Amino acid sequence: MAPFATLILGVPAMLLEGNGIMEWFETHPSPWPALIIIFSSGVLAFCLNFSIFYVIHSTTAVTFNVAGNLKVAVAVLISWMIFKNPISSLNAVGCGITLVGCTFYGYVRHLLSQQPPGTPRTPRTPRNRMEQLLPLVNNNDKLDDKI
């Protein structure tokens, strides 16, 4: 996105900042270092987006968001432990709840991964009132026979 933004904003920058840009070109003999930085920024942004899509493809969007929340909570706690940054009691409770929630999510995901093949991963919405009263079973044929 950075190279495209540079191209798109180049013309308005020349119109609005004209003399400043010309002075920058005069004081810097070669624009290549700046262009390399801009191009590198675009390559890094592409790599970040690619890794995000790969993680979401390999897991789920929910797992990706849980990992993001865990990252924020751990960053706050490490900042408090290493740099002695003050955090309020509400922040501490929030970090604790986040850590407990992430741990519980990981535990449930582990339990789901241990189920035998063919077992539904999530409960299905009942189709009618009678189905709500029946116990959940693993074989859909058995369920259809009872209805």
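Reader: How many aromatic pairs does the count come to by the rule for ring centres?

Author: The model is predicted, so local features need pLDDT of at least 70 and side-chain atom pairs count only at pLDDT 80 or more, while totals for chains, interfaces and linings use all residues. Residues are numbered from 1 along each chain as its sequence is written, and side-chain values use heavy atoms, with hydrogens and water left out. Rings of Phe, Tyr and Trp (its six-membered ring) pair if their centres lie within 6.5 Å; planes under 30 degrees apart are stacked, over 60 edge-to-face, and the rest tilted. By this rule, the number of aromatic pairs is two.

Reader: What kind of aromatic pair do W24 and F25 form?

Author: The ring centres of W24 and F25 are 5.3 Å apart. Their planes stand at 75 degrees, and the pair is edge-to-face.

Reader: Why does W24 count as partly exposed?

Author: Buried means under 20% relative accessible area, exposed over 50%, and partly exposed in between (1.4 Å probe, protein chains only). F25 counts as partly exposed because its relative accessibility is 42%. W24 counts as partly exposed because its relative accessibility is 33%.

Reader: How many helices does the protein have?

Author: Helices (H or I, at least four residues) and strands (E, at least two) are DSSP runs, numbered from the N terminus. From that end, the elements run α-α-α-α-α-α. The protein has zero strands, and its helices number six.

Reader: Which residues does UniProt list for "transmembrane region", and how far apart are the end C-alpha atoms of residues 89–108?

Author: The unreviewed UniProt entry lists residues 34–55, 62–83 and 89–108 under that name; positions follow the numbering used here, feature names are shortened, and annotations may be inferred rather than shown by experiment. Residues 34–55 are 100% helix and 0% strand, with end C-alpha atoms 32 Å apart. Residues 89–108 are also 100% helix and 0% strand. For residues 89–108, the end C-alpha atoms are separated by 28 Å.

Reader: At what angle do helix α3 and helix α4 pack, and what is the class make-up of their contact?

Author: Helix α3 (residues 61–83) and helix α4 (residues 89–113) pack at about 145 degrees with axes 9 Å apart, where axes are lines fitted to C-alpha atoms, for helices over the stretch in contact, and angles run from 0 to 180 degrees between N-to-C directions. With contact meaning heavy atoms within 4.5 Å, residues of α3 including V62, N69 and L77 meet residues of α4 including C95, Y105 and R109. Ala, Val, Leu, Ile, Met, Phe, Trp, Tyr, Cys and Pro count as nonpolar, Asp, Glu, Lys and Arg as charged, and the others, Gly among them, as polar. The contact of α3 with α4 has 11 nonpolar, three polar and one charged residues.

Reader: Is S79 buried or exposed, and which residues does S79 contact beyond its neighbours within four places in sequence?

Author: S79 lies in helix α3. S79 counts as buried because its relative accessibility is 18%. Leaving aside neighbours within four places in sequence, the residues in contact with S79 are K84 and N85.

Reader: Where is K84 placed, and what is its phi?

Author: K84 is in the loop between α3 and α4. With a relative accessible area of 65%, K84 is exposed. K84 is a residue other than glycine with a positive phi, near 60 degrees.

Reader: What separation do the C-alpha atoms of G42 and F4 have?

Author: G42 is in helix α2 (residues 32–58). G42 is buried, with a relative accessible area of 13%. G42 and F4 are 38 residues apart along the chain, and their C-alpha atoms are separated by 8.8 Å.
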